[in-house]
Amino acid sequence: MCLEHLWQTKPEFILLGFPGSQYLQTFLFVLFSMMNILTVMGNMAIIILVRPCCHLQTPMYFFLCNLSFLEIWYTTACVPKTLAIFLGTSRSISFTGCITQMYFILSFGCTECFLLSVMAYDCYLAICYPLRYSSIMNSTLSAWMALCCWVSGLLAICMPAYLITRLSFCSPNVINHFYCDLDSWIVLSCTDKHLLQLVAFITSFIVLLGTCIVTLISYIYIISTILRIPSAQAQQKAFSTCSAHLTVVIIWYSSTIFLYVRPSVQNTLDQNKIVNTLSTIVTLLLNPFIYTLRNKEVKKALEKALTGM
């Protein structure tokens, strides 16, 4: 290792973004701006619709509001800096700013996994134990479960973030991404990073596969219960309760597991950027529309709000 390339002080980094012509950068700026605005507006609309409706004051919609609130902050942690990169006004980012951005993006991602698994368990109780549902999933339990999701998500990334602060970095200081990602830190570091890779893999394994297993088991019981319902109309009504959540789960986990459940970093940073765009931008945009269009009660609340204007 050349000592002149080893930075004793923490450097500034350059976010590469999506290299291309100025026309491409302008197009991406407009596209990401529109998706960000729609994401924030869509999630705010869900919160505004649910809050005043008495018939929507249930644990399922309480968790949905938590998810919408989370996704507003998720996109806020990622998109503004990305837009600055597309404009060419600010590609550089300090070490502190970079690790802070990474911490919140990954923490919010972990929190989303926990919330989605809790929502799957809520659907399981609602469909498999409808008579006991209100006594089991009361307001106290739902509030504690939501709080645990937030706290667990924020704590899950503390150890990887701490280990990153112990790394030294070699030139070039260019991050091949549109935000600060864990893989980029590992690629840039010129000191031993095996412990960081191990901790990151274990964290990903526990958070992603752990919550995925809870969600999968919940849906196995849900589907088996629905199939035992004799009436086709009752089956359709029961499935409509969780169809929006199931759609979001499939989109979220398929992209997120690909990104983070790997024993080592491969030379796929360009591919990761595309998948990251799907998981952090497109998925967050689709979620409020999926919940609005595939959920009859939210749809009715939206129609009522629009007709009352």
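How many disulfides does the count come to by the distance rule? The count comes to one disulfide, a disulfide being a pair of cysteine sulfur atoms within 2.5 Å. The model is a predicted one, in which local features need pLDDT of at least 70 and side-chain atom pairs count only at pLDDT 80 or more, while totals for chains, interfaces and linings use all residues. Residues are numbered from 1 along each chain as its sequence is written, and side-chain values use heavy atoms, with hydrogens and water left out.

The disulfide is formed by C98 and C180, whose sulfur atoms are 1.8 Å apart. The link of C98 and C180 is left-handed, with -115° about the S-S bond. C98 lies in helix α3 and C180 in the loop between β5 (174–175) and α7 (182–188), so the pair ties together parts that are 82 residues apart in sequence. Helices (H or I, at least four residues) and strands (E, at least two) are DSSP runs, numbered from the N terminus. C98 counts as buried at 0% relative accessibility, and C180 counts as buried at 1%; buried means under 20% relative accessible area, exposed over 50% and partly exposed in between, with a 1.4 Å probe and protein chains only. Two further cysteines were examined. C78 is buried, with a relative accessible area of 1%, whereas C158 counts as partly exposed at 36% relative accessibility.

Helix α3 covers residues 95–128. At 1.5 Å a residue, its 34 residues should span 50 Å, and the end C-alpha atoms are 49 Å apart, which agrees. The expected span of a helix is 1.5 Å times one less than its number of residues. Of the 34 residues of α3, 27 are buried, so the helix is largely enclosed by the rest of the structure.

The largest nonpolar core holds 85 residues, of which F13, M102, L116, I164, W185 and Y291 touch the most other members. The largest share of this core, 20 residues, comes from α3. A nonpolar core is a set of buried Ala, Val, Leu, Ile, Met, Phe, Trp, Tyr and Cys residues joined through side-chain atoms within 4.5 Å. In soluble globular proteins, nonpolar side chains tend to be buried together.

The second largest pocket has a volume of about 160 Å³. A pocket is an open set of points on a 1 Å grid over the protein atoms alone, where a 1.4 Å probe fits, with protein on both sides within 12 Å along at least five of seven lines; lining residues have an atom within 4 Å of a point. Grid points are joined across faces, edges and corners, and a volume is the space filled by probe spheres set on the points. The pocket is lined by 10 residues, of which M41, G42, A45, F289 and T292 lie nearest its centre. The elements that give two or more residues to this lining are α1 (22–50) and α10 (269–293), and the largest share, six residues, comes from α1. The lining divides into eight nonpolar residues, two polar and no charged. Here Ala, Val, Leu, Ile, Met, Phe, Trp, Tyr, Cys and Pro count as nonpolar, Asp, Glu, Lys and Arg as charged, and the others, Gly among them, as polar.

I48 lies in helix α1 and counts as exposed at 55% relative accessibility. The C-alpha atoms of I48 and C65, 17 residues apart along the chain, are separated by 9.1 Å. N66 belongs to helix α2 (residues 59–87) and is buried, with a relative accessible area of 14%. N66 and L115 are 49 residues apart in sequence, with 8.0 Å between their C-alpha atoms. L188 is placed in helix α7 and counts as buried at 11% relative accessibility. The C-alpha atoms of L188 and N176, 12 residues apart along the chain, are 10.0 Å from each other.
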